[in-house]
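Hello,

Here is the structure I promised to pass on. Have a look at it first, and then read on for what turned up.

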Amino acid sequence: MSLDLSDALQTFFEEARGLLEDMESSLLSLEAEPDDAEVINAVFRAAHTIKGSAGLFGLNDIVAFTHKAENVLDRVRNGDVALNEGLIGLLLACRDHIAGLLDFAVDERTMDAGARSQGMALAAQLDLCLDDKKAGADADADSASARLPTTTEAQLQSAGGGPLTEDTWHISVRFGLDVLRGGMDPLSFLRYLGRLGEIVHLTTLADALPTAAAMEPEACYLGFEIRLQGDTSKAQIENVFEFVRDDCDLHILPPGSKLADFLGLIGALPEDNTRLGELLVACGALTAHELEETLAVQECEVGRETLVQPLGEILIQRQMVQPELVDAALSKQKDARSRQAQEAKFIRVHADKLDSLINLVGELVISGSGVGLMAKRNKDVALLESVSGMARLVEKIRDGAMHLRMVEIGETFNRFRRVVRDVSKEIGKDIELIIEGENTELDKTVVEKIGDPLTHLMRNAMDHGIESAELRASRGKPVKGTLKLNAFHAAGGIVIEVSDDGGGLNRERILAKAREKGLIADNGADMPDGEVWKLIFEAGFSTAEQVSNLSGRGVGMDVVRSNIEALRGTVDIESHAGVGSTFRIRLPLTLAIINGFLMSVGDGHFVVPLDMVQECMELDPARNPQRDYLNLRGEVLPLLRLKDHYGIKERLRRKEQQGLNGRAARRQNVVVVNSAGRKAGLVVDELKGQFQAVIKPLGSIFTKVRGIAGSTILGSGEVALVLEVPALLSEAAQERVAPVAQV
Amino acid sequence: MAKTILIVDDSASIRQVVGLTLKSAGYEVIDAVDGKDALTKLDGRKINLVISDVNMPNMDGISFVKEMKTKPAYKFTPVIMLTTEGSEAKKRDGQAAGAKAWVVKPFQPAQMLDAVSKLILP
Amino acid sequence: MEIRSEQNNGRLSLFPEGDMTIYHAAELMPVLLDALKQSDRIELDLSKVCELDTSGVQLLMLMKREAVAAGKSLKLSGHSAAVLEVFELLGLGGWFGDPQLLPAGVLGLGGSAI
């Protein structure tokens, strides 16, 4: 039987990763409260479940190692081993090791020498946690149990000295009264026995069946004498009756057993000897002659007690187990592990299915707007009404579909508790992590990709941002440094902030370094702070005088920038000497559908995210001639003429020359957009209002194009470009600056 | 008529693998994520065998088996407990509650099929 | 589990329908024993028995033994596939001494009950 377990294996990998994350967060919370029994149990359960599931897939390395950790956790759970900081650290390291083993399994590799020696070192430390005596006993148990139990093979040589000329086993079994009530049907065991070999003879014994008056219908009274022919072992036969071993009388005589063995059997069985003898003859175990001989021998030996040795080595050991009261404490665990409990409410869905659903919803939105357009064109009031009803529903479906892809950033944030803990220990700084906005939702793909850049920023802040304890004390700051992670929605995107209360960036040092590396031409004295800070994102830049093993190698910050830019995001730095720095990452939600504002320039249609549109106004040509800014209630608003910017002017002019309806003659409009506190006015021809845009990514040819996030198809079938406002704003600023510089 | 097996385990991968194994051997399989969920699956349908984990959220395996055994339709349903080596006490608790068979975790699919076959054939 | 009964020329025929398993053993036992009291000739039609387990087998064996002890006749007939399978496994055919209609291929294993 071969099963395709690959899907299940994927389930296991996901499940195990989730459990490892739980394990980590539980361990971290145990650092604060080491006595929380619920949390300790949660850690134990995580290890336990990983081990159990890994065994299913034959991932022996994971099973063996997790087993050791589980042992220690079990002792902790029982209060035999105290949970101190050192042990938590060790368990965290074990958790990491398991995660590493999991990676090997995912890649279908066997563990390398490094991992092996690491595992051995950790295992040795785990052993040390248990006191010596227990550890010794445990090591024995480990070697037996950590190994995956393989299907019984040659565990026991048959007691009778191996297969002889004949290979027929004799099995006598009498079932206990309670077997049926326990759900065990002797028939099932007999059927299963037939798999080990051929049942050449089976005799059913109803001798124990009481009178009608005394019989309990649900009790079991039957016994069986069985001749089984086959190449099997005593252990295998015993194993068939494993579940009723405590509840039955089982005797197994291997092939070629001596008459004396049968004599012993007869003595051990409940029925009277003569009847048993007949039985054995009837089922072919003995010949009539042998029986006579046997019984004769028995009579001779009656006086001697030595004979009635009950088949010493063959008899199955029976252990009477006294049932104990059920541990009532178990039921207390009920509501505590809420996250586990919630698993029941979640459905795991393949991301592809979600994507295709969202794609379909996108198409639905497009054809929905198509219908709406038609209704408007035909001025069909009734149709318009139902279209608007439908539009509302479609909108809800769209929101729902979008929501499916959204995940809270909290999980990503929580990972950093561990990072902060480890790093602060390593570099000897006391640092507290404050997390805010963990409920902020963003697209799953973004969440997945933001982890690495955040890690770099966090490490950088801890390494270089937060000062050493002495320095902090001398500056009159609290000795404990604070690191803050924050997330919130703003202007159609998400902002993630990493702030520290450290010394801030050192302008002079950055400039000196930049000059040394040749990153700036002049001495940079005139550069605004913001520009200076950005230098640290240049490749090969590192200001740390002391290179630490974490973040001082001069790689990282440039990677951070490129990673964020790959997500079409930006990163800004705000820093004040002695007060601290804030790294602010702005990311688009990069969702397939946005609420957009549609406008047109010439024949071109453009969409900007509605959240970024602050206001719209008419551009008065008299007051605002071809200038690149306008006065917005006393504020200078740079203007970006999309017509010029995208070279639409040319086509338009041609059209005008052809005498077509020239829209240039009409008044123009300004759409004031706002992003990251910067404003600009987009000069367009026509405002078309709110529009739900299904963003289709641009082909790979256009990946270099700045300022355009994608395209969308209008209900009329025309294509509109979705503008990337932050990029446009920086261009607007540059365009404004450029002419000045030339003058 | 194929025999129906109810598997109760909070681990999705265990449910999946055991389910796949048993289905491919010809059993019908239904599953539940914990004891509470499992009780809702006992809606009078015929269940020939129950496979249950012990340590589960909401309702553990032993409480579940006890509860199940109070229902006349499932009073004699055989139960395989998923136990851990070294947890003899749990095994005894399970047996007292009515779970007479057991499979020790970690197990391989073939071992589970083996244990099931001893109790019922498809 | 349902048991229909028919009285025919002094012969009582019982038609158990459904599972003869431990779930029904307690309700089945008095019905079967009662039948023994009612008539000297009893026929048990097993054609509608879907499932037979050890408890069912025990009841059949008990009934047969009680019948023989009381000098009455108990005839098992119409063995369903499920019944045949169990009788074959346990070698009970001869024990009850009733003719069984064995489907081809089932014959072979020589079990017996004493």
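Let me start with one residue in chain B. Leaving aside residues up to four places away in sequence, B:A97 touches B:I62, B:V65, B:K66 and B:K69. Please keep in mind that this is a predicted model.

Where does B:A97 sit in chain B? Helix α4 of chain B, which covers residues 88-97, contains B:A97. Is this residue buried or exposed? B:A97 has a relative accessible area of 9%, and the cut-off for buried is under 20%, so B:A97 counts as buried.

Next, a pair of helices in chain B. Helix α1 (residues 12-24) of chain B packs against helix α5 (residues 109-119) of chain B at an angle of about 55°, and their axes are 10 Å apart. With that angle, α1(B) and α5(B) are oblique to each other. The crossing of α1(B) past α5(B) is right-handed. On the α1(B) side, the contact is made by B:V17, B:V18, B:T21 and B:L22; α5(B) contributes B:P109, B:M112, B:L113 and B:V116. What kinds of residues make up this contact? The contact of α1(B) with α5(B) has 7 nonpolar residues, 1 polar residue and no charged ones.

Stepping back to chain B as a whole, you will find 5 helices and 5 strands. From the N terminus on, the elements of chain B run β-α-β-α-β-α-β-α-β-α. Chain B has 122 residues, of which 67% count as buried. Its accessible surface comes to about 3800 Å², and carbon and sulfur atoms account for 53% of that area. Among chain B contacts between residues at least 6 apart in sequence, 63% join residues at least 24 apart.

Finally, chain C. This chain has 4 helices and 6 strands, in the order β-β-α-β-β-α-β-α-α-β from the N terminus on. Of the 114 residues in chain C, 50% count as buried. Chain C exposes about 5100 Å², with 53% supplied by carbon and sulfur atoms. As for contacts in chain C with a separation of 6 or more, residues 24 or more positions apart account for 62% of them.

Notes. Residues are numbered from 1 along each chain as its sequence is written. Chains are lettered from A and ligands numbered from 1 in the order in which they are written. This is a predicted model: local features need pLDDT of at least 70, side-chain atom pairs count only at pLDDT 80 or more; totals for chains, interfaces and linings use all residues. Side-chain values use heavy atoms; hydrogens and water are left out. Helices (H or I, at least four residues) and strands (E, at least two) are DSSP runs, numbered from the N terminus. Buried means under 20% relative accessible area, exposed over 50%, partly exposed in between (1.4 Å probe, protein chains only). Contact means heavy atoms within 4.5 Å. Accessible areas come from the Shrake-Rupley method with a 1.4 Å probe; for residues, only the protein chains shown count as cover. Axes are lines fitted to C-alpha atoms, for helices over the stretch in contact, and angles run from 0 to 180 degrees between N-to-C directions. Angles under 35 degrees count as roughly parallel, over 145 as roughly antiparallel, 65 to 115 as roughly perpendicular and the rest as oblique. A crossing is left-handed if the near helix is turned anticlockwise from the far one by less than a right angle, and right-handed if clockwise. Ala, Val, Leu, Ile, Met, Phe, Trp, Tyr, Cys and Pro count as nonpolar, Asp, Glu, Lys and Arg as charged, and the others, Gly among them, as polar.
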